[in-house]
Structures are given as structure tokens and as C-alpha cells.
Amino acid sequence: MIESKYLKENIENIQKLMSIPALKNFETKALGKLLRLSKIRQYDHGERIIKEGDLDPWLYFLLNGKIRIGKAGHDIGTIDRKGEIFGEMRIIDSLSRSASVFAVGKTVCLAVDTSAGERLSAEGSRDEKLDFLLLLYRIFAEYMSIRLRLTNDELIKAKKRVELLRK
């Protein structure tokens with residue numbers, strides 16, 4: 001993995017973040033806060049991004065490439081759309097990582113250090129911080145809802161296959 005330093009809050013970086021679909025509702029101030037918690041990470045094919053069982057604080061936005069998600073040695077799925085979020089479950093429930101994530105081909109991510117809240121505390125009102133956190137959780141909720149719907153569809157397909165096999 002190749003990793004940048006924490007990103008700087010400047011107009012060029014903020015404009016780049018605005019091009020990520022999941023971040024389009026963020027105000028400039030909130031994007032600046034997100035930048036100060038973020039690094040760019042570049043992975044080679046097959047390189048592990050997240051290890052199942054770990055307790056790391058990183059949240060990821062896919063910027064380029066593709067990832068493969070696996071659990072207990074089984075492939076769960078892939079993500080290849082720019083701006084997709086992954087690693088959010090650990091941030092929401094504080095439990096260990098539920099799956100491993102691997103780069104497929106050259107992959108670039110925005111990695112957000114959710115444990116670095118002190119980097120935000122220097123300035124900004126309590127309301128601004130709460131607005132920032134609420135927006136992050138709204139994004140999480142939207143992505144989890146989409147994934148839950150897809151999982152429900154897969155479950156129904158699997159149940160139909162089981163019924164056919166029983167007949």
C-alpha cells in the first residue's frame with residue numbers, strides 16, 4: 001500500500017471530494033473537516049485493505065478500481081463504483097470487522113480515520129460537529145439500505161433455488 005499524509009483543506013481537494021456521489025450533499029466546511037481526517041491509499045491487485053476481525057478505525061470511499069469482499073474464505077461480492085463506501089459497519093457498531101476486503105487490480109481509496117476526532121475539535125461549534133456526524137451517518141444509512149435490499153433479493157433467489165432442489 002502507498003499512503004499519503006493527511007490531506008490538506010484546500011479548494012482543489014474539496015472540489016475533488018464534491019465529485020464523489022456520496023459526498024455531494026456535504027457543505028464545503030464539512031468537506032474540509034473530512035479532508036483533515038483523510039488519506040489517499042493506493043493498493044495493488046490482491047492486496048488486503050481490511051482484515052476480518054480487526055478493530056481499525058478506517059472508513060473507505062472507493063475512488064478508482066474495484067474491491068472484493070470475503071468472509072471466512074468465501075467471496076461475498078465486489079464493489080466497483082466510484083464513491084462507494086465500505087468499512088462503515090465497524091464504525092457504526094464498534095464490533096470487529098465482519099469481512100475482509102481485497103483490491104482487484106490497482107485500487108485507490110479515500111481512507112477516513114474516524115478515531116482522529118481531535119483533528120476537528122480545534123475549531124467549529126458543537127452544532128457544526130453534530131451536523132457533520134449526522135451527515136456521515138445519513139450516508140451510511142443510505143448505503144446500508146441499498147445493500148440490505150440487494151441482500152434481500154439474493155436471499156429470495158437462494159430460497160427459490162432451495163425449493164426447486166427439494167422438488
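This is a predicted model: local features need pLDDT of at least 70, side-chain atom pairs count only at pLDDT 80 or more; totals for chains, interfaces and linings use all residues.
View 1. Strands β4 and β5 (residues 74-79) pair in the antiparallel sense over 5 bridges; pairing here asks for at least two DSSP bridges between two strands. The hairpin they form has 2 residues between the strands, and Ala72 in the turn has a positive phi of about 55°. Strands (E, at least two residues) and helices (H or I, at least four) are DSSP runs, numbered from the N terminus.

**View 2. β4 beside β7 and β6.** Take a look at Leu62, which stands opposite Cys109 in β7. β4 and β7 run antiparallel and are joined by 11 bridges. Phe61 stands opposite Ile85 in β6, and 2 bridges join β4 to this antiparallel strand (residues 85-86).

**View 3. The largest nonpolar core.** A nonpolar core is a set of buried Ala, Val, Leu, Ile, Met, Phe, Trp, Tyr and Cys residues joined through side-chain atoms within 4.5 Å, where buried means under 20% relative accessible area (1.4 Å probe, protein chains only). Of its 24 residues, Leu17, Leu23, Phe26, Leu59 and Phe61 touch the most other members. Elements giving two or more residues include α1 (11-18), β4 (58-71) and α4 (126-166); α4 gives the most, with 6.

**View 4. Around Leu23.** Beyond its neighbours within four places in sequence, Leu23 is in contact (heavy atoms within 4.5 Å) with Leu17, Leu31, Leu34, Phe61 and Ile139.

Residues are numbered from 1 along each chain as its sequence is written. Local features need pLDDT of at least 70, side-chain atom pairs count only at pLDDT 80 or more, and totals for chains, interfaces and linings use all residues, while side-chain values use heavy atoms, leaving out hydrogens and water.

Terms used:
Buried means under 20% relative accessible area, exposed over 50%, partly exposed in between (1.4 Å probe, protein chains only).
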